[in-house]
Amino acid sequence: MNPKLNAREQRFVNEYLVDLNPKRAAIVAGYAKSTADNKAYVWVSNSQSKPHVFNAIQIAKKNRCEKVQMDAELELMRLVEILEMDVADILTDQGIVKPIKEWPDVWRKNVSNVEFKEIFKGTGPARRSSIGQLKKIRWPDKLKVLELIGRHVNVSAWQEKREIELGDTTKQVINDIISSIDGTSKGLPKG
């Protein structure tokens with residue numbers, strides 16, 4: 001236990017590391033739902049609110065990454081590997097799925113589901129001998145992988161751009177603040 005944390009704060013840190021959900025972690029640690037709704041996110045994202053909790057989380061995350069030998073660079077390399085997966089690597093020239101033992105590591109480690117279904121001639125009582133197999137292979141969602149890479153390298157291609165319309169009073173308050181800070185009459189453009 002971190003000596004700077006009380007028992008409830010330590011439980012919050014431990015629970016937060018489970019799924020990085022500050023609200024759930026706060027509730028499980030024994031904080032009121034209103035506290036979880038209003039403050040838990042700030043504790044994990046702002047070092048000024050509860051610096052000892054914020055620092056404990058940062059240290060615990062770093063220790064976890066070192067323990068599993070995972071860091072941002074490795075994560076990015078794996079995402080790029082997944083993005084570059086080519087279905088031709090697991091098919092023969094005739095389009096038949098190769099035995100799994102012959103698949104490259106990237107395929108064996110990242111395919112999320114493989115189904116083999118026997119196909120028979122006929123149905124019901126008339127069902128006869130097997131005529132083949134249907135093979136379904138589900139690989140990672142490449143759009144999701146692209147999105148994760150984009151976030152990782154801060155491409156910001158998927159961020160929404162928002163414009164807000166300020167009222168005259170709000171513009172005047174902002175201009176007054178800017179003027180008081182830099183001693184000029186510069187501010188927001190009129191209109």
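**Exercises on a predicted chain**

The accessible surface of the chain is about 14,300 Å², and carbon and sulfur atoms account for 53% of it. The model is predicted.

**Exercise 1.** Determine how many helices and strands the chain has, and in what pattern they follow one another.

*Solution.* Start with the count: the secondary structure consists of 9 helices and 2 strands. Next, read along the sequence, which gives the pattern α-α-α-α-α-α-α-β-β-α-α.

**Exercise 2.** Decide whether Glu 9 is buried or exposed, and list what surrounds it.

*Solution.* First locate the residue: Glu 9 is in helix H1. Then take its relative accessible area, 7%. Buried means under 20%, so Glu 9 is buried. Finally, leave aside neighbours within four places in sequence; Glu 9 is then in contact with Lys 4, Tyr 31, Lys 50, His 52 and Val 53. In the chain of 191 residues, 21% count as buried.

**Exercise 3.** Describe the largest nonpolar core and the contacts of Ala 26.

*Solution.* The largest nonpolar core has 17 residues, and those touching the most other members are Phe 12, Val 13, Ala 26, Tyr 31, Trp 43, Val 53 and Ile 57. Two or more residues each come from helix H1 (7-19), helix H2 (22-28), helix H4 (40-45) and helix H5 (51-68). Now turn to one member: not counting residues up to four places away in sequence, Ala 26 touches Phe 12, Tyr 31, Ala 36, Ala 40 and Trp 43. Another core lies apart from this one; it has 12 residues, including Ile 82, Val 97, Ile 137 and Val 145.

Notes. Residues numbered from 1 in each chain as written. Predicted model: local features only at pLDDT ≥ 70, side-chain atom pairs only at ≥ 80, totals over all residues. Heavy atoms only, no water. Core = buried A, V, L, I, M, F, W, Y, C linked by side-chain atoms within 4.5 Å. Buried < 20%, exposed > 50% of the residue type's maximum accessible area, 1.4 Å probe, protein only. Helix = DSSP H or I, 4+ residues; strand = E, 2+ residues; numbered from the N terminus. Contact = heavy atoms within 4.5 Å. Areas by Shrake-Rupley, 256 points an atom, 1.4 Å probe, with all protein chains shown as cover.
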